[in-house]
Amino acid sequence: MGDIKNEPFFMWPAPLGGDPTRRDPNKYYDLAKAGHLRRYISDGQRQHYHEGPTIVHNTKPAARVIETIHTSRSNGHSYDRLKSDLKKAQHLREVFQVHEGSVMSKKPRMDYPENEQQIFFSDEDLRDVQTPHDDPLVIKLRIGDSDVKRVLIGQGSCSEIMYPDLFHGLGLKQPDLQPYDAPLFGFSGESIRPMGRITLNVHTGPISLETEFVVIDVPSPYTAIMGRRWLHRLKAVPSSFHQKLRFPTDFDPHSKPVQQKARRSAPVHAEAVQKEVEKLLQAGAIREIQYPTWLSNTVVVKKKNGKWRVCVDFTNLNQACPKDPFLLPKIDQLVDATAGHDRMSFLDAFQGYHQIALSAEDREKTAFITPLGIYCYKVMPFGLKNAGATYQRMVVPKPLKGFDGDIPGFMVSHRGIEVNPDQIKVIQELKAPRTHKEVQRLTGMTAALSRFISRSADRCQPFFQLLKKSTTFKWDDKCVSAFEDLKRYLSSSLLLSNPTPGEPLFLYLAVSDRAVSAVLIRIKDTVQCPVYYASKTMTEAETRYPPLEKVGLALITAADKLPQYFQAHTVYLVTQYPVQAMFNKADFTGRIWKWGAKISALGVKYLPRTAIKGQVLADFVAEFAPTSEQNNLGESTPREDSPEHTGWWKVYVDGASNAKGSGTGVVIITPDETMIEQSIRLDFKTSNNEAEYEAVLAGLKSAKTLEARRLIVYCDSLLVASQINGEYMARDERMSAYLLKVQTAMTDFETVRVEQIGRNLNNHADALAKLASVLSADFKRFIPIETLTTPNIDQPANYINTITVGPCWMDPYVTYLKEGVLPEQKKEAEIIRRKAARFWLSKDLKLYRRSFSGPYLLCVHPDIIEDLLYEIHEGICGSHTGGRSLAHRALTQGYWWPYMQKDAVDYVRKCDKCQRFSHSVHQPAGELQPLVSPWPFAQWGMDLVGPLPKATGNRRWLIVATDYFTKWVEAEPLANIRDRDSIKFVWKNIITRFGIPKTIISDNGTQFTSKPFTKYCSELGIKNVYSSPAYPQSNGQAEASNKTVLDGIKKRLEDAKGRWVEELPNKSDCPPSERRNGNRQGTIWLNPRL
């Protein structure tokens, strides 16, 4: 007020009456609107005051519209392709109703999310810029692995351009370029043909983008031009006036700088910090700083040799920085890479991190407090989150590949890979833990040596239980025993072997109550040498897996932890359990299917367990004594090809009971494949279940007489087998007595397994049982078997020609799933092995393709594809549908084969009836129209078809109604086409089934325009809409339905047109969709009804 009261335009306002709190505070609005208070009004307020005139000016109609000029885009496509893309974009704008004249709101955005970074420039950015100037924005970028200067930021270019100096400076050659056929146009219209295009990584701070450069051979003062596409991908904002390029990063812009309070330190620590600061100052690694925004404390740690290590606590700074995901070297891979070589040399870069300079604007963030003052680093310090990744990125591209430091914890020699004795000594001298922290230290030491420790998860299980939440610390007897056992194990020789490239490896699995374990071995001079031990503690949910699934979990755990071995070697899984059968079984889904797909892609092969030739491996297997749960697993799934199957006797038993008597049949197969048959007639009345028990007892008695020790009893009675195995309860007294008798007889053997099999696998014993049930025991007879080579009649025989199918695409999959044999060609074998997880082979050797959400699909042989398509397309239920619909019907019927869509389209094109009677569309493709019906069964289109050939009942007309929303069709043949027939059709086929519609669309026939019909509709509140006589497309839905019905009848009947009434229901069973190619309107059917 004091500054403007003496101005000539200022006038004191008249005193105001009334309540002062209700006065208008904006009395100076007229002055501001007149433009007198410009220097006292902010930019936002000035824009507000001038908003009125601007809007008035913009409402004036434009004299003309100047379109944009479309230039050639540089994606390697031709000019015709670019024109096609523009037409497609125009079509999409029309479909989605995007108007050309639509503009964005000019209201500034104020609702920025809290985590969104705002990019702006201020006068502070002009501190190093000499103004005024007209300089372009030229920056330095890292392209590939080279720092490139004089890179022009050109917002006028839609492509990234590379000039010859940079192309040759990067060491690139002409063969490195990809072809590029689109010319580049300059400002004055001249065109340049590029040399080609190449894709390189452009590093901008922490962001790396793969960028495509167009290489042109013209002189330029710049090395490259970065255009709009790169700027938009980077989300960068350039400012040539400020000579800056800014872009958002993962650094949290809202992270407040943290200044840690100075901590008190002991004099010896302060002295160590002072010496370290003096050393760093002398080396030029730090400098003194004042008023830092970030501030950290020093931490002094004592080394093993008694000296002090000075570190900086960058905890707060690391929390605000993003994580650099650059891959760090794996110790296991480094150890494996050094094994087998005569010598190994190390390159230890002294203070390696200090050889990398920090960015000038980031140096102040590393400020730290010392007794001598506040200093910041000029080079990359130790302790930063991304220091290791940054150093590794600097080391990897160099010709000398290496890593920082030595290989901790391992000793590599000609004998193999061993543990560093110093680490073993530390654990041996370790006292029993007394706190949770000491237990964590113990488990951490064990985890570092887990590669050498057999079943480490089981050995450390008591320690893991102590570390659970809400668990009080109690070092009980289990912990003491586990601790002593661990020390005892580590005192033995821990030696691992390193495999040679391409050498086959063998995997052994073991499962305990709380953990799964695996050991990978190689065979060296007939001795099995361990390569790697892996172990995992199961979660609470995993402990409830079935036993066989736990074995699968152990396999998938080994594959996850040791991918480098599975990818570089052929791994054989040695197990006595049917893991492969589990992965190939049809009724397994979910995680089992995922496991099978992953293991199939890795190419794991399966072998039965053989004799163990290594003491370490023998200890590994012996330590896992199978539990009762695992015993049940093994008993339910014996393998004939396993060594344990040697010495097993097979006993097939069956009982029969009928009106003529009862009998049992027993077939015993000895280990040397000798077959012994026995048929026993029962002279007392029995039920079928009692006869089955008698057969089991007879088989056990005979096997005992033959001095068998291990039996597998096969029985086709589910009740008897389940009662013996304890799965079912024997409630009947006689069944309980039989069960007790069988259990007593089974104690005479070392092992007895009882399995239920199908009747088709027990035909031999079944025949013996039936023979005993129909013949008396005192009827002795001998039946000789003769061979008749020629028939006794002279008439020629009627031979049946057998049809043999040739080889096809299914054969490699069937062979691999059945026998595990892959084709000899390496590329083909890799494809079969990878895709085999999508298929399943049934017991009758039929190949099925797995489906994610539906039933399994039967794979069809190429020789019978045409017969299958014929049955679906023009068989008794065929409707001569289109190619896409035909392929869909075959899929829904449960069939699959490669290229089925193409085969179906080709078959329809060759169909004679489809070519003769299909409707020919002459009009071009039209645009898709939105649905005009508001809800289902609210709007119907009705029409009459005819006159047709006379059918039974003198019916010559067909009335058709189609719902506009669902495309449901109602059709009925008529003998007359009076209005009463239309009323009856509407009541019977529409109102009683779907309710009263809102609208009925029809033509101007008297059946729909008569007074009785219109009165009937008006009384029910139905609106009648009539199409124009000259434009029947206004009721296009009904017309399309009529056309489809007539076409189907023609294809089905040909000359027998009088049977159209009988054929109409068959035509009504159309596929769910009958579409045509392009955007032409089709008809959708939902099981139309007569």
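This is a predicted model: local features need pLDDT of at least 70, side-chain atom pairs count only at pLDDT 80 or more; totals for chains, interfaces and linings use all residues.
**Nonpolar cores**

The largest nonpolar core contains 32 residues. Within this core, the residues with the most contacts are Leu 507, Leu 509, Leu 520, Leu 555, Phe 566, Val 579 and Phe 583. At least two core residues come from each of the strands β19 (505-511), β20 (515-524), β21 (527-537) and β22 (571-574), and likewise from each of the helices α16 (547-561), α17 (563-568), α18 (579-584) and α19 (591-602). The element that gives the most to this core is α16, with 8 residues.

When neighbours within four places in sequence are set aside, Leu 555 is in contact with Leu 507, Leu 509, Leu 573, Val 579, Phe 583 and Ile 599.

**A buried histidine**

The loop between α9 (331-338) and β14 (368-370) holds His 354. Its relative accessible area is 14%, and because this value is under 20%, His 354 counts as buried. Residues up to four places away in sequence not counted, His 354 touches Leu 280, Tyr 377, Val 379, Met 380, Pro 381 and Phe 382.

**Packing of helices α28, α29 and α30**

Helix α29 (residues 883-892) packs with helix α30 (residues 900-910), and the axis of α29 also comes within 10 Å of that of helix α28 (residues 865-874). The table sets out the two pairs.

| Helix pair | Angle | Axes |
|---|---|---|
| α29 and α30 | about 125 degrees | 8 Å apart |
| α28 and α29 | roughly 105 degrees | within 10 Å |

The angle of about 125 degrees makes α29 oblique to α30. The crossing of these two helices, α29 and α30, is right-handed. On the α29 side, Gly 883, Arg 884, Leu 886, Ala 887, Ala 890 and Leu 891 take part, and they meet Met 900, Gln 901, Ala 904, Val 905, Tyr 907 and Val 908 of α30. Sorted by class, this contact of α29 with α30 comprises 9 nonpolar, 2 polar and 1 charged residues.

For the other pair, the crossing at roughly 105 degrees means that α28 and α29 are roughly perpendicular to each other. Here Leu 869, Ile 872 and His 873 of α28 meet Leu 886, Arg 889 and Ala 890 of α29. The contact of α28 with α29 is made up of 4 nonpolar, 1 polar and 1 charged residues.

Definitions and conventions
Residues are numbered from 1 along each chain as its sequence is written. Side-chain values use heavy atoms; hydrogens and water are left out. A nonpolar core is a set of buried Ala, Val, Leu, Ile, Met, Phe, Trp, Tyr and Cys residues joined through side-chain atoms within 4.5 Å. Buried means under 20% relative accessible area, exposed over 50%, partly exposed in between (1.4 Å probe, protein chains only). Helices (H or I, at least four residues) and strands (E, at least two) are DSSP runs, numbered from the N terminus. Contact means heavy atoms within 4.5 Å. Axes are lines fitted to C-alpha atoms, for helices over the stretch in contact, and angles run from 0 to 180 degrees between N-to-C directions. Angles under 35 degrees count as roughly parallel, over 145 as roughly antiparallel, 65 to 115 as roughly perpendicular and the rest as oblique. A crossing is left-handed if the near helix is turned anticlockwise from the far one by less than a right angle, and right-handed if clockwise. Ala, Val, Leu, Ile, Met, Phe, Trp, Tyr, Cys and Pro count as nonpolar, Asp, Glu, Lys and Arg as charged, and the others, Gly among them, as polar.
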